[in-house]
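I opened this entry to look up helix packing and aromatic contacts. My notes follow in the order in which I took them.

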Amino acid sequence: MSVLFYKRPDYVPKLPGPMSLTQSEIIAEKTHMSRTPIPAKLSFENIVQNKAQTPCTLQDFLEYLVYVSHDAENLQFWLWLQDYTKRFYADSPAERSLSPPWSTAGTFQRTRDVPHQPPKSADKSRFGASGYNFDQQELSTTPRFDKPSFIAGTANTQRSWAHSAEDADGQAELKRQACRLLTLPDIDLWDQDPKLTSPAANQPHRYEIDRIISHYLSSDSPRELNLSPQTRAAVLDALQHTTHPSGFSPACDIVESILRAHSYPNFIRWSLRNVNEPRARFIRRISVAHVVLAVLMAFFLALSNEARGWRLWCFPLLLIGLPVAIAAHKGICFFTHSSQSRNLRPWEQFSDAAAFVKSVDNDDDDDDAYSMTDRGGNKNALLDPFGPSNSYDHELWVEAYRRKKWSQKVFSTRNVRVRDETLRSIQKGIVMQSWLWGALIGVPFMVLVLALPKAGVLEKHDYYW
């Protein structure tokens with residue numbers, strides 16, 4: 001399809017409430033029915049693999065999800081699961097045999113040993129986050145685990161976190177945390193036989209899985225995924241028995257569906273804007289004022305007894321106002337586009353000025369006390385799967401941007417170059433479309449205005465007193 005007739009991706013609204021697999025499929029179906037083809041160079045795979053240029057990099061995607069869409073935990077969890085799946089299958093067969101695959105029915109899968117084969121593009125729905133087919137992975141003997149033995153094994157695992165016998169309070173707290181993560185009542189794990197172990201305690205990456213549970217899956221976790229209770233319970237039940245990536249399958253299917261069908265097309269639509277909302281709103285108002293003024297001039301000149309040539313003065317106002325208004329409606333400014341640049345986002349405007357400042361409202365020992373310095377200065381902060389909450393109300397740029405004058409937001413915002421050529425070509429197409437639609441609407445209107453005869457309603461009269 002020609003860039004001249006390219007249409008932005010439609011906005012995909014988010015369904016309310018916790019997400020289930022059925023709801024995620026509804027979003028995917030709506031997106032499929034109304035989807036506008038997105039260029040291959042801006043595909044979802046290229047963005048998450050960081051192959052696109054700014055403003056469509058992985059960092060830009062994460063910042064959009066944090067500051068605009070407010071659901072960055074989906075991508076953060078999905079990226080971790082991709083990396084974890086690769087690391088899990090890089091382990092030795094002996095280690096992998098301790099964590100057999102987990103089926104959706106809640107039982108271990110028993111399959112013959114077969115080498116891993118990459119998925120075909122036509123069969124991606126059967127694969128997890130990293131493209132691994134959990135139905136066809138090598139598997140040795142698969143013992144079943146019971147909950148009491150798993151609890152005891154978890155206790156032994158938690159004991160290893162406290163390296164000193166003097167840290168009794170810390171050990172007791174870790175014990176209670178382990179019980180809460182597994183949604184179990186508090187029990188005195190230390191009364192168990194200290195020599196009691198379970199296969200679950202020896203499974204590879206068990207400590208990392210417990211951290212993921214406490215960070216994404218447990219209630220009130222820092223980056224809690226918006227999952228239905230049934231899905232959450234299914235994932236937690238699977239992870240009690242195995243650390244195999246297939247244990248995350250119910251959550252992975254929902255998260256990936258939301259990312260591909262909701263977050264990704266909305267991000268592309270938002271990235272096409274080259275100005276922030278205050279300037280876009282100002283341009284829209286000015287351009288609409290030009291159109292209204294042109295229509296009023298044409299109306300009064302048609303009602304007057306003036307020559308028709310005077311009506312041509314309306315045409316420049318109409319020819320400028322219509323295309324600018326159409327482009328501004330899509331977040332495009334002609335002047336900014338002419339320099340192939342875009343406005344800095346609000347969270348990008350203050351990173352240099354506050355690079356040395358920490359938020360005074362947070363304690364020094366608070367792990368969640370991420371200020372603007374942590375977000376802006378450290379570009380990998382959002383990529384950390386075990387980072388703090390994605391809330392940004394405490395970041396310094398929020399208050400600084402709120403105090404910024406309206407005129408500064410409109411006229412004093414710095415620009416940065418748009419480096420992605422595919423995005424620039426789409427923006428160029430939007431500009432050309434705006435001029436085309438402006439001409440298609442403005443020229444017939446002016447022809448009609450010029451064809452109207454003189455009404456003479458506003459003709460001057462001499463009055464004698």
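**Helix packing**

I started with helix 11 (residues 277–303) and helix 12 (residues 314–329), which pack at an angle of about 150 degrees with their axes 8 Å apart. The model is a predicted one. I noted the handedness of their crossing as left-handed.

Next I listed which residues meet. On the side of helix 11 I found A280, I283, R284, S287, H290, V291, L293, A294, M297, A298 and L301. On the side of helix 12 I found C314, L317, L318, G321, L322, V324, A325, A328 and H329.

**Whole chain**

I then looked up the totals. The protein chain has 17 helices and two strands. Of its 465 residues, 48% are buried. I also took the contacts between residues at least 6 apart in sequence, and 76% of these join residues at least 24 apart.

**Aromatic pairs**

How many aromatic pairs does the structure hold? I noted 25. One of them is Y67 with W347, and I recorded this pair as stacked because the ring centres are 4.6 Å apart and the planes stand at 20 degrees, where under 30 degrees counts as stacked. I looked up where the two residues sit: Y67 is in helix 3 (residues 58–69), and W347 is in the loop between strand 1 (341–343) and helix 14 (372–377). They are 280 residues apart, so I noted that the pair links distant parts of the chain.

Are Y67 and W347 buried or exposed? The cut-off for buried is under 20% relative accessible area. Y67 has 8% relative accessibility and therefore counts as buried. W347 has 10%, so I marked W347 as buried too.

I went on to Y392 and W397, a stacked aromatic pair with 5.8 Å from centre to centre and 15 degrees between the planes. Both Y392 and W397 are buried.

I then checked the grouping. Y67, W347, Y392 and W397 belong to one aromatic cluster, together with F61, Y64, F267 and W270.

**Charges over rings**

Last, I looked up charged side chains over ring faces. I noted R211 over the face of F386, at 3.9 Å from the ring centre. I also noted K409 over the face of Y401, at 4.6 Å from the ring centre.

Terms used. Residues numbered from 1 in each chain as written. Predicted model: local features only at pLDDT ≥ 70, side-chain atom pairs only at ≥ 80, totals over all residues. Heavy atoms only, no water. Phe/Tyr/Trp six-rings, centres within 6.5 Å; stacked < 30°, edge-to-face > 60°. Helix = DSSP H or I, 4+ residues; strand = E, 2+ residues; numbered from the N terminus. Buried < 20%, exposed > 50% of the residue type's maximum accessible area, 1.4 Å probe, protein only. Lys NZ or Arg CZ within 6 Å of the ring centre and 35° of its normal. Axes fitted to C-alpha atoms, helices over the stretch in contact; angles between N-to-C directions. Left-handed = near helix turned anticlockwise from the far one by under 90°. Contact = heavy atoms within 4.5 Å.
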